[in-house]
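Dear colleague,

Please find below the structure that I am handing over to you. My notes on it follow directly after.

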Amino acid sequence: MLWAPVGDTPSGPLVQVRSIPPLEFVVPGQHCRAGTVNLVLDLAPGAPEGPTTWLGRASFAGVRVPRVNVVVYSSTGRDGTVTPAPTPAEVAGTVALAERMHPVPYLEYEILGLRPDAGGRSRPDTLAELSLTQLFTGLFGLGTFTFGLLPAAGDGGLACGGSHGIGGVGACLAGDGTGFAHELGHMFNRAHAAGPDGAGTDPAYPRYRPGKANSIGEVGIDVATRTVFRPADTADIMGYGGRQWISPYTYTAILDAIPERPPAPADPPRVIVLAVRLHRNGTLDIGTAIPVEAPGGVPRPAGPSPLSVDVLDASGAVLSTHHFRTAPAPVPAGREPWTDLVDAVAWDESAAGLAFHAGGAPLARLAVGEAPTARLAEPRVRAGIIHTAWISRHPRQEPRVVALYSADDGATWQPVDFSSGTAGSIDLPTGSVPGGSRCRLRLVASAELASVDVISPPFPVPVTPREIAVVIPDTASAEAPVQLAGSAYSPDAGVCPPDELHWASDVDGELGTGHQLAVPLRPGEHRITATAPDGTGGHAVATVRLTVR
Ligand SMILES: [Zn+2]
């Protein structure tokens, strides 16, 4: 088949203009070794010109699959109406554009059990909590990126926030695929492509075209929708406005920035998790200071250090000095009259206090005092909810409490609740977290730079099989390839890799594999079936009817 852009518009969908015997080959990724591969194509002797041999070369890069922790927010309006958190299918729909645009095989995301409410909260507060979530997921080896997805019908006050705090944090509204792809670019340390205002932009972004500073530079193709993007009217995803695709500059920079997954150290270090807000007038709010034992590490941006903290021993001598870093560029410095900083600082047995400094000036000094007491009721699982309650007491401060959940008897933990106070309860839907026979809840309560760590006895939680969600039109034309989109997810099995999601038609047979594909279909009534392993030994199946005219 021969495909060409439609109409006079410089960019747009491809339509089929001539039908010739198709010479399209799909080679499963597992057959493609990283490096250069020789391709030999023999055309059969029956071809009009007689037997022909074609030799080609292709090179493949071994690309790591980035892992993203997703926090889905509900949103309670002023009148008390609750907009529910985005579903797994909505999460899949939001990341779909980034999976096609960015240099990644797919995105391996995990939707965390943490279900905060975004109602009435400011964007910086939401991003600061995401940074804290990212820090806890990083400390427990659950990946380096944390993304917040807010319900589309809820509060719309979120824009760029990708380089917030320790980097690797972003947020957008569910369904905003362009917003997600842009913020994911920030997570890979991409600043904005050159724009007219120059604020927070990347001075090294190539001047591909005179008169269009943020042009993608060369023709881009969305292979899943068969759409072409021309440099004359398409901005880079890290630019703003209008048509957007990805430039070679942004594509290769992201390819180089996909992080390795750090191995967990054998000896769990003790750290103190600090979340502070440094105001422009030099004052400092210390929101969170939680000593915790955790095996993982936290990636740090290489930007400027507006704040440092000395760890002191009992005599006031400095044991170590730690610099809080902010990531360079994306968010203009000084957009808010403060900087939120979240980091984990090494914290050994002899640590007795902290002294914060901005420049040479001392800002605040804290001494280790008394830890709160804490009790955690034995968790009960009933009607699809894991329920427990806790109390925590301290003579002088309101305890700060982090609840963590483990499905593997304490080998890994994910945060499921952040709160402060003297009592609270946790109600966690079993379908929002992985299950198993030895699940545990853990409470870390802290005050005065001292903490108490309480871990529940093990309890069983049912395992959730993957469910398939598909997006397929009711009717389609045989003149153009039909777009199929699907995903399969459960908190236990995670995201189904694209090569395990199979598509078939009862008219045309096997259609291929993938999260998103465009396939030519014959006219008629089709039953399209998507199949994926459900993660518990069975198969998840979804079937829809499609009329092709
Ligand atoms: Zn941005």
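Strand E20 (residues 353–358) pairs with E21 in the antiparallel sense, over six bridges. Strands (E, at least two residues) and helices (H or I, at least four) are DSSP runs numbered from the N terminus, and two strands pair if DSSP finds at least two bridges between them. This is a predicted model, in which local features need pLDDT of at least 70 and side-chain atom pairs count only at pLDDT 80 or more, while totals for chains, interfaces and linings use all residues. Residues are numbered from 1 along each chain as its sequence is written, and side-chain values use heavy atoms, with hydrogens and water left out.

Within this pair, Phe356 stands opposite Ala364 in E21. The hairpin of E20 and E21 has two residues between the strands, and Gly359 there takes a positive phi near 65 degrees.

Both strands belong to an open sheet of four strands, in the order E18-E17-E20-E21, with antiparallel pairing. Its edge strands, E18 (318–324) and E21 (361–367), each pair on one side only. From one strand to the next, the twist averages 20 degrees. Elsewhere in the sheet, strand E17 (residues 307–312) pairs with E18 in the antiparallel sense, over six bridges; the bridge partner of Asp310 in E18 is Thr321.

How many residues of helix H3 (residues 177–187) are buried? The count is 10 of its 11 residues, where buried means under 20% relative accessible area, exposed over 50% and partly exposed in between (1.4 Å probe, protein chains only). Among the buried residues are Phe180, His182, Glu183 and His186. The elements that cover the buried residues of H3 include strands E5 (67–72), E9 (145–150) and E10 (169–173), together with helices H1 (88–101) and H4 (248–257); contact means heavy atoms within 4.5 Å. Just after H3, Asn189 takes a positive phi of about 65 degrees.

The axes of H1 and H3 come within 7 Å and cross at roughly 55 degrees. Axes are lines fitted to C-alpha atoms, for helices over the stretch in contact, and angles run from 0 to 180 degrees between N-to-C directions. H1 and H3 are therefore oblique to each other (under 35 degrees counts as roughly parallel, over 145 as roughly antiparallel, 65 to 115 as roughly perpendicular and the rest as oblique). In this contact, Thr94, Val95, Leu97, Ala98 and Met101 of H1 meet Gly177, Thr178, Phe180, Ala181 and Leu184 of H3.

With kind regards
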